[in-house]
Amino acid sequence: KFLAKCFNEKLVGVLCGTAGSLLTGEQYRKSAIYYRAALLLDPKDKDALFGFACCTRGWYLSLEGDDFQELVAVLKALSTEYFEWSVGLYESFAPAYYYLGYAYLNAGMYTKASLIWQDFLEKADSSDKEIIDEIQERLDSLKEPVKIEAGINHILAGRYEQGLGILEPYVGSQYDNWWPLHFYLASAYKDLG
């Protein structure tokens, strides 16, 4: 009640402003605390949702070394979750789609990255030509990985012949060093005898 009275019911905005300043200064832990406090007061606040997602993303990108593997995994999951919530609640908010696509790409979810970036292109401001070109290039580079992912999904679903038909042409290609390609080919061959 005291905070609401002092900040004239605009406490969420004040917390997000402080969090944003801390994020700009790469003080990720403190920034995350302020964004979480704002989310406790208003779980659907766009600035708090998107800010927290960006904060956790920046935090895990800043960490290096084996000592941080567990923390990086937690921060990646939080970042992805909050970008997803941002997209779900604010369907026209293009920046959330942009970053969510990268979260999916980094997790090896090529189809999801492709779909979310297609949504981004529909929602992006046409004046952001540089970012639009960047995502279009990413989408072009994802065409083959999406096909490989589809082949893997066929194998996982027990449709071995369909999966093999998609994956076998990639042996000896530029994707020949992808371990999932060979792992799932071998799994299908084993299950087929």
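The legends below describe close-up views of a predicted model.

**View 1. Helices α3 and α4 pack roughly antiparallel.**
The axes of α3 and helix α4 (residues 46–62) come within 9 Å and cross at roughly 155°. Because of this angle, α3 counts as roughly antiparallel to α4. The crossing of the two helices, α3 and α4, is left-handed. On the α3 side the contact is made by Tyr28, Arg29, Ser31, Ala32, Tyr35, Arg36, Ala38 and Leu39. On the α4 side the contact residues are Asp47, Ala48, Leu49, Gly51, Phe52, Cys55, Gly58, Trp59 and Ser62. By residue class, the contact of α3 with α4 contains ten nonpolar, four polar and three charged residues.

**View 2. Glutamate 26 sits in the loop between α2 and α3.**
This loop joins α2 (11–24) and α3 (28–41). The phi angle of glutamate 26 is near 60°, a positive value in a residue other than glycine. Glutamate 26 has a relative accessible area of 57% and is therefore classed as exposed.

**View 3. Tyrosine 98 and tyrosine 102 form an aromatic pair within helix α6, one of 15 aromatic pairs in the count.**
The ring centres of tyrosine 98 and tyrosine 102 are 5.4 Å apart, with 70° between the planes, and the pair is edge-to-face. Both tyrosines lie in helix α6 (residues 94–106), four residues apart, which is about one turn of the helix. Tyrosine 98, with a relative accessible area of 15%, is buried. Tyrosine 102 is also buried, and its relative accessible area is 10%.

**View 4. Ring pairs join aromatic side chains into a cluster.**

**View 5. Phenylalanine 183 and tyrosine 184 form an edge-to-face aromatic pair.**
The centres of the two rings, phenylalanine 183 and tyrosine 184, are separated by 5.0 Å, and the angle between the planes is 85°. Phenylalanine 183 is partly exposed, at a relative accessible area of 44%. Tyrosine 184, at 18% relative accessibility, counts as buried.

**View 6. Helices α8 and α9 pack roughly antiparallel.**
Helix α8 (residues 129–156) and helix α9 (residues 160–167) have axes that come within 7 Å and cross at roughly 160°. Because of this angle, α8 is roughly antiparallel to α9. The crossing of α8 with α9 is left-handed. Helix α8 contributes Lys147, Ile148, Ala150, Gly151, Ile152, His154 and Ile155 to the contact. From α9 come Tyr160, Gln162, Gly163, Leu164, Ile166 and Leu167. Eight of the residues in the contact of α8 with α9 are nonpolar, four are polar and one is charged.

**View 7. Aspartate 191 of helix α10 and glycine 158 are shown with their C-alpha separation.**
Helix α10 spans residues 179–191 and includes aspartate 191. The C-alpha atoms of aspartate 191 and glycine 158 are 9.0 Å apart, although the two residues are 33 residues apart along the chain. Aspartate 191 is partly exposed, with a relative accessible area of 46%.

Notes
Residues are numbered from 1 along each chain as its sequence is written. This is a predicted model: local features need pLDDT of at least 70, side-chain atom pairs count only at pLDDT 80 or more; totals for chains, interfaces and linings use all residues. Side-chain values use heavy atoms; hydrogens and water are left out. Axes are lines fitted to C-alpha atoms, for helices over the stretch in contact, and angles run from 0 to 180 degrees between N-to-C directions. Angles under 35 degrees count as roughly parallel, over 145 as roughly antiparallel, 65 to 115 as roughly perpendicular and the rest as oblique. A crossing is left-handed if the near helix is turned anticlockwise from the far one by less than a right angle, and right-handed if clockwise. Contact means heavy atoms within 4.5 Å. Ala, Val, Leu, Ile, Met, Phe, Trp, Tyr, Cys and Pro count as nonpolar, Asp, Glu, Lys and Arg as charged, and the others, Gly among them, as polar. Rings of Phe, Tyr and Trp (its six-membered ring) pair if their centres lie within 6.5 Å; planes under 30 degrees apart count as stacked, over 60 as edge-to-face and the rest as tilted. Buried means under 20% relative accessible area, exposed over 50%, partly exposed in between (1.4 Å probe, protein chains only).
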